[in-house]
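Here is a friendly walk through the model on display. Have the structure open as you read along.

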Amino acid sequence: MSLVGFLLTPPIIGSVAELFGLRAALGGLLLPIFIVAIAVAFTLARRQSAPVASAA
């Protein structure tokens with residue numbers, strides 16, 4: 001998954017930058033980054049509040 005993102009993100013940012021400018025292309029990344037940060041925070045909070053099952 002990260003390899004696909006690593007290979008596809010630069011051409012996508014470059015294409016958007018050609019059409020709208022670099023500031024708009026990089027600014028467009030703020031929303032996806034914000035969504036991922038919220039999802040990670042929510043997942044970590046759920047994991048911390050979940051009871052841990054004992055192996056014994």
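This is a predicted model: local features need pLDDT of at least 70, side-chain atom pairs count only at pLDDT 80 or more; totals for chains, interfaces and linings use all residues.

Residues are numbered from 1 along each chain as its sequence is written, and side-chain values use heavy atoms, with hydrogens and water left out.

The protein chain has three helices and zero strands, where helices are DSSP runs of H or I with at least four residues and strands are E runs of at least two, numbered from the N terminus. Two of the helices can be set beside their expected span, which is 1.5 Å times one less than the number of residues.

| Helix | Residues | Span, first to last C-alpha | Expected span |
|---|---|---|---|
| Helix 1 | 19 residues | 26 Å | 27 Å |
| Helix 3 | 20 residues | 29 Å | 28 Å |

Helix 1 has a kink of about 30° at L8, shortly before the proline P10; the bend is the angle between axes fitted to the seven residues ending there and the seven starting there. Just after helix 1, G21 takes a positive phi of about 105°.

How many residues of helix 3 are buried? The count is zero among its 20 residues. Across the 56 residues of the protein chain, buried residues make up 4%.

Terms used. Buried means under 20% relative accessible area, exposed over 50%, partly exposed in between (1.4 Å probe, protein chains only).
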